[in-house]
Amino acid sequence: MTLKIHAFPASPRGFKAVVFANHIGIDYEFVFCDLTKGAQKSPGFTALNLNQRMPVLEEDGWSLWESNAILQYLASKKPELGLFPRDERARADVSRWMFWESAHWDQACAILVFERFVKGFFGGGGPDEKEVEKGIAAFHRAGAVLNQHLKGRKFLCNDTLSVADFSVGAALIMSDAASFPLESYGEIARWYGQLTALPAWQKTREMGQFPKAA
Ligand SMILES: N[C@@H](CCC(=O)N[C@@H](CS)C(=O)NCC(=O)O)C(=O)O
């Protein structure tokens, strides 16, 4: 049985899958999906994910896309780690934050990442200030919730690290490149510091350097 993870780990959604696989210590083959070369549009990749987006997990002729679904699937392979708890309410809490990540946090962060980093990187011109304004407002709307929630909690779902922390934390790898307005969010900084201290986080950051623009 071979498990493959197709990802571009410099991007938060790709990073998320790879850092989690590295953290749980699962055996997998890393397949670099080079977004800078359009690898996601190749016929082989399209057969795995019609959306032509990474990350994708491939196992025995089966493919799974959507980063949060990948994280939950990986977590379910190592139930003894307790990262995706079995207790129904604890599990629902973890899922809740992963849905929130997909619907609100990822969306807010993505606007700033696109305007302040991706456009320039791919030669798509400078940031559109109206979009940046929209991104900053969306970031604060979600960021204030996250910061408030983290008060008095070590991790997102209380005192135990869970798959939700990886899901929500991944976007922050772009905080410098996209100048996320994090100044007033001390709880987010404290919580994120615990993630960046994980050996898997550091290892995956090394795998996920953005190639230099040509
Ligand atoms: N909701 C999806 C989003 C995946 C996604 O948008 N991936 C982007 C990476 S930033 C991608 O592969 N984009 C390639 C493209 O749009 O051509 C997930 O979390 O997996």
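I call a residue buried when its relative accessible area is under 20%, exposed when over 50%, and partly exposed in between, with a 1.4 Å probe and protein chains only. By that rule W105 is buried, at 0% relative accessibility. W100 is buried too, with a relative accessible area of 14%.

The model is predicted, so local features need pLDDT of at least 70 and side-chain atom pairs count only at 80 or more, while totals for chains, interfaces and linings use all residues. Numbering runs from 1 along each chain as its sequence is written, and side-chain values use heavy atoms, without hydrogens and water.

Next, I looked up the rings. I paired rings of Phe, Tyr and Trp (its six-membered ring) with centres within 6.5 Å, calling planes under 30 degrees apart stacked, over 60 edge-to-face and the rest tilted. The whole structure gave me 13 aromatic pairs. W100 and W105 have ring centres 5.9 Å apart and planes at 15°, so I logged them as stacked. For Y192 and W201 the centres are 5.8 Å apart and the planes at 80°, so that pair is edge-to-face. Y192 and W201 are both buried. They also belong to a cluster linked by ring pairs, together with F15, F20 and F166.

Then I turned to the ligand. Which residues surround it? I found S11, R13, L35, Q40, K41, Q52, R53, M54, P55, E66 and S67 (a heavy atom within 4 Å). For polar contacts I took pairs of N or O atoms within 3.5 Å. A ligand oxygen lies 2.8 Å from a side-chain N or O atom of Q40, and a ligand oxygen is 2.9 Å from a polar backbone atom of M54.

Methods. A polar contact is a pair of N or O atoms within 3.5 Å; within protein, one must be able to donate a hydrogen and the other to accept it, and residues adjacent in sequence count only if both atoms are side-chain atoms.
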